[in-house]
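This report walks through one structure, from a single loop residue out to the cores and the confidence scores. Have the coordinates open as you read.

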Amino acid sequence: MGGPPYDCLANPLGAVRLAFEKAIGSELETPSTHPSAFNGKDWGALELFRHFLFQESGLSQVPILNPKTLRWVQPNSLVRYRGMIQDMLGNEFYAGAYKDGNLWRTNKFMDVSQYPMGSSPDMCIWERRLLYCVPVPGQNSWTEPSSEMEPNWSSQTREKRRRMDDEDNDPMDLVPDDEIKSSPITKKMREDGLPSPSQSRDTKTTSSSSITSTFQSVDKDNLPCLVKIYDSPESELKLNDVFEFIGVLTFDSELAVEKDDNDELSNSFYDDALVHLPPNKVPRLHCLIHRKLAVQDFLPGSPIIQPKPHLVKETREALFRHLTAVLGNDEVAAHFVLLHLLSKVHARVDDVAVGKLSLNLTGLNKESVSVFGTRLSDTFKNLLPFTNCMPLTLEYLNIASLAPKKDYQANRLVPGVLQLPEGSHLMVDETRLESGSLNSTGIENTKLLKNLIEFQKVEYDFQYYKVEMATDVQLLIFSEGKSNIVPADVIVPFQPSCLESTEMPVAEALEGWRWYLATVRSLPHSIGSEIQKVVEDDLVAARQMDRSLGSRDFSRWLTMARLISSSFGETSLSKEHWEMAKEMERLRRERLK
Amino acid sequence: MASGSSPSNFNNGPSSPDDSFSSPIANTSSPAHRRRRGRRQASTPSSAAGTPPPNPSRFANSASTPTPARSTRRGRRPGPAKSTSPAVAATPSSTDDFSMPSSEGGEDMEEATPTFVWGTNISVQDVKNAIQMFIKHFRDPQELSNDIYGEGKYTRLIHRVLEVEGEWIDVDAHDVFNYDSDLYNKMMRYPLEVLAIFDIVLMDIVSVINPLFDKHVQVRIHNLKSSTSMRNLNPSDIEKMVSLKGMVIRCSSIIPEIREAVFRCIVCGYHSEPVVVDRGRISEPTSCLKQECLAKNSMALVHNRCRFADKQIVRLQETPDEIPEGGTPHTVSLLMHDKLVDAGKPGDRVEVTGIYRAMSVRVGPTQRTVKSLFKTYIDCLHIKKTDKSRMTAEDPMEVDKGSQRVDDDVQFDEDKVEELKELSKQPDIYERLTRSLAPNIWELDDVKKGLLCQLFGGNALKLLSGASFRGDINILLVGDPGTSKSQLLQYIHKLAPRGIYTSGRGSSAVGLTAYVAKDPETGETVLESGALVLSDRGICCIDEFDKMSDNARSMLHEVMEQQTVSIAKAGIIASLNARTSVLACANPSGSRYNPRLSVIDNIHLPPTLLSRFDLIYLILDKADEQTDRRLAKHIVSLHFEDTEIAEHDVIDLATLTAYVSYARKNIHPKLSDEAAEELTRGYVEMRKRGNFPGSSKKVITATPRQIESLIRLSEALARIRFSETVEMRDVTEAFRLLEVAMQQSATDHSTGTIDMDLITTGVSASERMRRESVLSATRNVIMDKLQLGGPSMRLLELLDEMKKQNSGSEIHLHDLRTAVATLASEGFVVLHGDSVKRM
C-alpha cells in the first residue's frame, strides 16, 4: 500500500468513507455489495487504521484526550483516550447505512449524518455500545505521558483537512474560521463553567468524588468520555477495565441544545444518558480500536526488558532498601510491604480469592501515621499506577458512599469509592477512628470493606438487587491495634527504629522499580511435586503442633512463599524460598506476642 | 396477571361522560371515525354496521411505524387495507409523534381490494381465515372432553369476556402454534399486521354473538414459544414480536394521550367535529368552520369533550442472573396502554410480550434534522408478573395451598423439570446432594445432611382450630473457631431460595424483626421489615449467635415457634409472617469448646431458645492427621494449580438451587401409615431409654418437640427424593440425623446418655442429683459441726470436713458455695463473705 490518499489522523472519517465506498463499490449506480450485508461489521476500515497506528507507528502522533489537549484537538479527528469503564449505558441503534440519492452513505463512527437522509427508504439499522469512561481513580502523575504535542500541529493539518472536505463537498465543517486557538469544545466547556475550585478542594480532602455529583467534570483533571464501541464482542470490555480507546472525537453543537423539552414522555424516551451527559461536558469518542492497558503500558517508553535474574535481584534489593528506609529501618515490615505490593488475585475458587495479601501495620497512632503514612503514600504514588487513600473516620463511614449505586432517575451508575480497576492500591488509615455509633450507611460501608478484604468482591447496589463484582485491590491498613473493621490477611506490628526522612530516589531508580513491580507481578508460578510434598508435610506438622492454625493461615503462608519466590524473578517455588516464608512468619509471630 | 390491571379505567377517564354522549351522534357518519376504524370496515364490510362505537385500537396511536424500520419492513408493509404506515411518512415520527393512520390510507382502502400484506405473499384473507379457524376450532388438548361439538377454548373465553364486559382476551401463543404453526410464524414476524387482523376477526365474532356489545375487545398474546434476553435484542428484532423477562425499575406517571380533540368557536359557540390526532399532532382549525361565522383564530380546545387514552412508560431492567460477568444490567423502555398501565410496579419481576420498535430521534423539538439515532422501546401487549413474593406476603392465610401456588411462582420450563426429575430418580441422590453442598468443606457429612433437610423443609400445617405447626427446620451449629461454620452459613445463604445473612453482633432486636419508622417526607408511620421478616419462606442465617444481645435473642422465641413477628408500637399493632428457618452458628464462650461442660455451659444461650432448634450440631476440631493432610493438599493445590481441582460428580450450584426450589414448591409429601407407625414406635423407644432398670432417676431422652422435628425431617427427606409420601426409610434416616445431633449436644458427659433436660433446662438429670446429694451432705456437716448461734466456720474448713466425711465423691468449693447459698435461702444458715454461721 502506497501513501494513503487520506489523513488518518486529521480526517479519520474520510478514511472510513473511502473504505466504505471501496467496499460496496458505490461509484457505480448499482452497488456491488449491499450495505446490509455488512450488518454493522467492519468493511476494512479498521485494517487501514491498524496499519497506520501500529505498522507506521502513528500511535504516538495521536493526541491523548485530556483537559489540556482538549483545548486544541479538533472535532472529527483521531484521538485516544485512556480511562476506566465506569458505566455501561447499553446499546444504541443508529442508521448505519442509508441511500442518499443513488449513493450509499454510512453513519458509522459519527453522531449526525452528514447528508440529508430523510426521504430514503433504504436504510440499515446497526447497533453500537455506549460506555461511560472516566479517568482511572487514583491515577498517579507518572503514568501520564510527558511529551505534549504542539498545538500548531493541528492548525496545519486543519488546512489539509479543509482542503479534503472541499473536494468532497463536505458540509460538515463545523469549525468557524475565526476559531484557531481554541476549539469549540473547550469554549463550550468554559461557558458551562467548570465547578468552582472550592468544590475540587473538598473532594480532595475526602477523596470521595461520589459525594459531589458525578455528572459534571468534578475537577480539572477529570475528563469523562462517552465511548461508542463498534464491532467488538461484549465479553471483551468489562466494567472497571482500563482501556485505551483510539477513535474519532465528535462534537456537535446541535446536540448541545436539547433538553429544553422537559416533559416526562420525551425524557424517558430520550436516552437518559444524553440528558445527563451533555456533550459539552462529556466528549464523545467513536472508537475504532481499543486495547486493554496493563501496568506495563503506562511505563514511559515501555522498556521491554526480559526479566533477567540478576537484574531482578538487583532491583529487588534496591527497592527493598528503599522501603526499609521509608519504614524507619523496619526490615520485617519492609519485607511484608514488598510482598504486599506484588500480590494479586490470580485465581478464584468458590469464594476464595487466591493470591491476595492485604497488610495491616499495627502500632501506629495519629502522629506516627502522619509521618510514615504520608511517606509511604508518597512512595507508592511513585511506584504504582493507581493509588487511593481512605481516612477511616466515623464520620466518613457514616457519610461516604463506598459502593457504586444505580441512580434510576438518571439511569446512571453513581461511582463509589470502591469502584476501582484491577491492580489498584488502597490505603486505609484507621488510626483516626474513634468510638461512636454507626448509622445504617456506616454499617453497610463496614460490610463492604470487610467483603472487599475477605473476598475481593464489592456489591454494587442496583436498588432492587445487588450485584457482586470481583475486584483486585491491594489493601494496606494502618491501625493502632488489629483492625476488625478491615481484617487483613497479614498483621505486622510496625517497629520503626529511626524517624529521619529519606532522600528522594532518582528517576531512573523509580523507573526500574515500577518496571520491576509491574513485571514480577505478572509472572506465572508453579510448584514442583517434591517441594509440594515438603510444604504439605510442614503444614500438617504445624497443625499438629498448633490446633489454632486454619486454612487461612496456610493460605497466607503459601501466598507469601509464592510472592517471595516471584520477587526474585523465579517461576517455581524452591525450598529456600519456602523456608524464607516460614522464617518471615516466625518473625512476624514473635512481634505479635 | 393482566387482571391486576390499572386502577384508572379508561372508560371512566375524563372523557367518558362526553364520550357516551357524543358517540351515538357524532359517530355514525363522521369521516374521522370512518378513517380511524377504516381497516376494520374495509376488510370486513359486512360487519361494518355491527362494529361497536370506536374505541381506540391499541395501535392507533402508534401505528405510524417509525421510518427506520422501513428497510427491514419494507417487504411487508401492510396492504392498503391496513394503512398502518402512511405512504407519505416521509418525516419519521419522533418521540411524541404517534400518528393516526393517515387519511390517504383510509381512503385507499375503500377502493382497493386488499389481498396481500404489502410486499409479501401473505394474503390478508388467508390470515383472517386462519385466525377464524383457530378461534372457532382450537380445543385445549388437556381438556379430555369427548364433546367435539362443544365450543372451543377461545369461543368460550369470548363468551366469558362478554359476560364480564372485559376488554381483552388472552391468547396463549402455544395454542396458536399447536393449532397452526404457520399462523404463529406470521404473527411473530408481522405482529402489527396479524394482530390487527386478529382484532378484526375478534370483533366480528363479538358482534355476531352480541351486536349490542359496545366495547372493543383486544387480543393479547402471551407465552411465546421462545423468549429473548434483553441483551440479545438487536436491530433484526425490530417490528417483531418478542418476549422477555426483567424487573420493572421505573414507571412514569400516567400520561393522558389525546386521541380526539373538539374545538369550539369562542365567537359563535360552534363545536367542531372531533379532530383526530394525525402523526402526533392535532391540526387546530384556524378559523371557525361555520359558514355564518368564519371568525379567524377563534377556535379553542374543549378539554372535557376530547378523548384521551392512558399511556405509561415503564423501564425494564435485566434480572441479576442474566448479567454476564463484568457487565451492568441493560434496560429497555416499555410503552403501556390503557389497561396495562400500572400493571407492574417498580421491583416487580415481569415477563413481557410485545413488539420491539424503534423510532428516530429528532435533534431538537423545533428542528427537522434527524439524528442518526434510534430510540427503541417495546410496545407492550401483555405483562405477567413472574415473582410472587409480593403476592404471597399479602395472603397470610395460605399455608397449604401448594397446588395453587405452583403456576404463579417461578416457572420452570419443561426441559428443566424433566432434568430435575431425572436427577431425583437416581438412587444416590441424597448422597450426591450432600456431596454437592459446599463441596470444598469436607467431612461434616451429617451436618450437611441436616442442612439439606433444612433447605428442603417440612410441611407447614395449619389446623382448622387455628393451631399451626411450622415446617421449617431450625439448626444451630456450635463449634470451635476455624471449623468453617461461617463458610457453611455463607453457602446456605447463597443457595437458599430466599435468605438473609446477619451477624449476631451487628443485629439488634428491631433489625431482626421489624420496626416502625416515620417516613421523613409524609410523616406517616411505616413498618420496616427486619431480617427475619424479609427471609419469610427462606432461611435466616445468623452468624455469631452467642454474641447477640439478650434482647434480640428473646425476639427469636416467637419467631422460631409461632413463625410470626408481633409489633405493637407507635399505634401500629401488627403481626407479620416470619416463616423462616433459622440457621445459627455460635462459638463456645471460651474460645474452645470444653468437652467437660454441657452445651449450655459452653455457649451461654438460654435453654428455652436452645430447645427450639431441631438439630444442634457440635463441630469440633479433632486433631486428626488425615484431615490435616487433606487440608494441606487442598490449600497447596488451590495456590499452585490454575485449574480447579476436579470435583467429581458434583451438582452445580444453579441446578442445586433449581432442584431445591422446585421441590419446595411442587412436592408436598404426606406421611404413609407405616412411616407414622415407625415414628410412634421410635419415639416411644427413645423415651424408654431414659428409664434405667433399677434406677429411680428419670432421664428425659425425648420431648414432644422431638417428634415434631422428626416429622419435619422425614418430610424433608422425602422431598429430597421428590416423593409424595414419607416412607419408612425417611423416618429411619430422620431418627439417625436427630440422634447424631443429639448425641453430640445433649449427651450428659457424666453418664454418657442422651438427656433432653440438658437442652430444655440446661441441667442434666445426673447433675441435678449430684447437686441434691451435695446439698444434703452439706446440711449434715453443718448440723454436725455448727451450733445454733455458735461461732462461724470458714467455707474452706467446711470443705475439708466434707471431704473427710464423703471420701468417695469429689466436692468442689464451687459446688459447696452453691449448696450453702441454697441453705441460706432456706434460712438454715447465714453466709457472711466466706464464713458460715448457723442460725
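Predicted model: local features only at pLDDT ≥ 70, side-chain atom pairs only at ≥ 80, totals over all residues.

## A lysine in a loop

Lys482(A) counts as partly exposed, because 14 C-beta neighbours lie inside 10 Å.

Lys482(A) sits in the loop between β16 (473-478) and β17 (490-493) of chain A. Which residues does Lys482(A) contact, leaving aside neighbours within four places in sequence? They are Asn360(A), Thr362(A) and Ile491(A). Val492(A) is 10 residues away along the chain from Lys482(A), and their C-alpha atoms are separated by 9.0 Å.

## Parallel strands around β13

Strand β13 of chain A covers residues 424-429. It is mostly covered, with 5 of its 6 residues buried. Strand β10 (residues 387-391) of chain A pairs with β13(A) in the parallel sense, over 5 bridges. β16(A) also pairs with β13(A) in the parallel sense, here over 6 bridges.

Asn388(A) stands opposite Leu426(A) in β13(A). Leu426(A) in turn stands opposite Leu475(A) in β16(A).

## An antiparallel hairpin

β14(A) and strand β15 (residues 466-470) of chain A pair in the antiparallel sense over 5 bridges. Val458(A) stands opposite Met469(A) in β15(A). The hairpin has 4 residues between the strands, and Gln463(A) takes a positive phi near 65° in it.

How do the side chains arrange themselves along strand β14 (residues 457-461) of chain A? They alternate. Val458(A) and Tyr460(A) point to one face and are buried.

## A helix in chain B

Helix α15 of chain B runs over residues 445-456. Its 12 residues should span 16 Å at 1.5 Å a residue; the end C-alpha atoms are 17 Å apart, which agrees. Just after α15(B), Gly457(B) takes a positive phi of about 75°.

Is α15(B) largely enclosed or open? 10 of its 12 residues are buried, so the helix is largely enclosed by the rest of the structure. The buried residues include Val447(B), Leu451(B), Leu455(B) and Phe456(B). Lys448(B), Lys449(B) and Gln454(B) are also among them.

## Nonpolar cores

The largest nonpolar core has 215 residues. Val227(A), Leu334(B) and Ile378(B) have the most contacts inside this core. A second, separate core has 74 residues, including Leu444(B), Val478(B), Ala718(B) and Ala741(B).

Val227(A) deserves a look on screen. Not counting residues up to four places away in sequence, Val227(A) touches Tyr81(A), Leu131(A), Cys133(A), Phe245(A), Leu285(A) and Cys287(A).

## Chain A overall, and confidence

Chain A has 18 helices and 17 strands. Of its 593 residues, 44% count as buried. Among contacts in chain A with a separation of 6 or more, 77% join residues 24 or more positions apart.

The average pLDDT of chain A is 74, and 74% of the residues score at least 70. Where does pLDDT stay under 50 in chain A? One stretch is residues 148-219, for which the model has 91 contacts beyond four places in sequence. Another is residues 253-273, with 46 such contacts.

Note on methods:
Residues numbered from 1 in each chain as written. Chains lettered and ligands numbered in written order. Buried ≥ 20, exposed ≤ 12 C-beta atoms within 10 Å, placed from the backbone. Helix = DSSP H or I, 4+ residues; strand = E, 2+ residues; numbered from the N terminus. Pairing = 2+ DSSP bridges. Contact = placed C-beta atoms within 7 Å. Expected span 1.5 Å × (residues − 1). Core = buried A, V, L, I, M, F, W, Y, C linked by C-beta atoms within 7 Å. pLDDT = per-residue confidence, 0-100.
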